[in-house]
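Please open the structure in your viewer and keep the selection tool at hand.

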Amino acid sequence: MDIVLLVKAAVMGIVEGLTEFLPISSTGHLILAGSLLGFDDAKAKVFDIAIQTGAIFAVILVYWQKIHSTVVALPRQPKARRLAINVVLGFLPAVVLGLVFGKMIKEHLFTPVVVASTFIIGGFIILWAEKRPPGSVRIEHVDDMTMWDALKVGLVQCFAMIPGTSRSGSTIIGGMLLGLSRQAATDFSFFLAIPTLIGAGAYSLYKERALLSVADIPLFAVGLVFSFASAWLCVRWLLRYISTHSFVPFAWYRIAFGIVVLATAWTGAVVWAE
């Protein structure tokens, strides 16, 4: 295996892990990093999706106590069953709409203007969400969510199919606008990521299996390991951060990054279109 290629895989894994759970769009950052590294062919696109699984393992590790206690309590505690049902309900819209519109989105929406626009618009939505009056929070803890709350957050998550939107940004900020506290929205976003990203990774690997071979195992293994490590650090940091800070800095970062997308597209420095 080419050492340079493994280094590129490690860099892409770090980018994935650091951006997957922040409201700044991991897809946009992976496209930029892949273009700069010359790691942007068809196999690389499968790689980008597959290494999300490493980031998800980090979430499972950080939330292991909560996940374990919920699973163990499923037979006897309504609260545990409600959380499990909520995660399933929140996951279903992405499955249905992804299968229906996924191909069309990849063909028509992966353009510099769309990516830049969603970065910038998303930034302003975050600024708007953070200006909510104190009394607008209905749900302080993820265990208090209703099935209707979970379904609405799941529908909002579908906006993340548009490049540059950010799955975490859609679910966290969407949840806040729907009445969840910052902590509850972040927790549910992480729980919802588990089936969503594992499912997307498995589906992509199966669909594009003809592109892959046994020789690709080291490449994917390196990406998964670095994605896991960087995501573990990022998730732990984010959970501490949101206890005393808002998402406003991420909003301004998105707006600035959107401008970068337009600038790199106009100058030809990055090929953003599929």
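Select α9 and colour its buried residues, which are Arg167, Ser168, Gly169, Ser170, Thr171, Ile172, Ile173, Gly174, Gly175 and Met176; buried means under 20% relative accessible area, exposed over 50% and partly exposed in between, with a 1.4 Å probe and protein chains only. Helices here are DSSP runs of H or I with at least four residues, strands are runs of E with at least two, and both are numbered from the N terminus. The helix α9 is mostly covered, with 10 of its 11 residues buried, and what covers them includes α7, α8 and α10.

Before going on, note that this is a predicted model, in which local features need pLDDT of at least 70 and side-chain atom pairs count only at pLDDT 80 or more, while totals for chains, interfaces and linings use all residues. Residues are numbered from 1 along each chain as its sequence is written, and side-chain values use heavy atoms, with hydrogens and water left out.

Now go to the start of α9, where a side-chain oxygen of Ser166 reaches to within 3.5 Å of the backbone nitrogen of Ser168. Just after α9, select Gly179, which takes a positive phi of about 110°.

Return to α9 and pick Thr171, which is found in this helix and is buried, with a relative accessible area of 1%. Which side chain does Thr171 join through a polar contact of 2.7 Å? The partner is the side chain of Ser189, a polar contact being a pair of N or O atoms within 3.5 Å in which, within protein, one must be able to donate a hydrogen and the other to accept it, and residues adjacent in sequence count only if both atoms are side-chain atoms. A polar atom of the Thr171 side chain also lies 3.2 Å from the backbone oxygen of Ser168. Leaving aside neighbours within four places in sequence, Thr171 is in contact (heavy atoms within 4.5 Å) with Val153, Gln157, Ala185, Ser189 and Leu192.

Next, select the largest nonpolar core, which has 41 residues; such a core is a set of buried Ala, Val, Leu, Ile, Met, Phe, Trp, Tyr and Cys residues joined through side-chain atoms within 4.5 Å. Phe21, Met145, Phe188, Leu238 and Phe247 are the residues with the most contacts inside this core. Its largest share, nine residues, comes from α10.

Finally, centre the view on Phe21, which touches residues including Ile56, Ile172, Phe190 and Leu238, not counting those up to four places away in sequence.
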